[in-house]
Amino acid sequence: MDHANALDRIVEERAIERIVFDYAYYLDMNMPEKMIELFVDDCEVSYAPNFGATGIEDYAKTRDGIGTFFRATSHNVSNIVIDWVSDSEATLRAAVLAIHR
């Protein structure tokens with residue numbers, strides 16, 4: 001990989017990280033409509049075994065009523081790892097410490 005391509009990949013990875021941090025912020029601020037804007041139509045989301053969504057419509061259903069579950073939340077994201085599947089597709093793994101009241 002040449003320097004220009006490596007730099008492009010670093011820029012893309014920072015943009016992906018920003019989406020993850022924005023997601024945690026919007027979740028903590030109870031802004032589900034902003035969370036949905038972060039996903040593409042054919043998204044795949046996995047929160048836990050047997051809990052997730054395939055596609056934006058299914059994902060939107062997982063956000064219904066999130067503001068009523070807890071008085072407050074704090075989601076702290078770390079250990080982000082981005083693996084490139086191709087030049088236009090990546091997978092992401094992260095650790096999230098979630099505190100709920």
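I looked up Tyr23 and found it buried, with a relative accessible area of 16% (buried is under 20%, exposed over 50%, partly exposed in between, with a 1.4 Å probe and protein chains only). The model is predicted, so I note that local features need pLDDT of at least 70 and side-chain atom pairs 80 or more, while totals for chains, interfaces and linings use all residues. Residues are numbered from 1 along each chain as its sequence is written, and side-chain values use heavy atoms, without hydrogens and water.

I then listed aromatic pairs (ring centres of Phe, Tyr and Trp, its six-membered ring, within 6.5 Å; planes under 30 degrees apart are stacked, over 60 edge-to-face, the rest tilted). The count is four. Tyr23 and Phe39 pair edge-to-face, at 5.9 Å centre to centre and 80° between the planes. Tyr23 sits in helix α1 (residues 3-28) and Phe39 in the loop between α2 (32-36) and β1 (44-48), so the pair ties together parts 16 residues apart in sequence. Phe39 is partly exposed, at 24% relative accessible area. Tyr23, Phe39 and Tyr59 make up one aromatic cluster.

Of its 41 lining residues, Tyr23, Phe39, Glu44, Val45 and Tyr47 are the closest to the centre.

How values were computed. Helix = DSSP H or I, 4+ residues; strand = E, 2+ residues; numbered from the N terminus. 1 Å grid on protein atoms, 1.4 Å probe; cavity = no way out; pocket = protein on both sides within 12 Å on 5 of 7 lines; lining within 4 Å.
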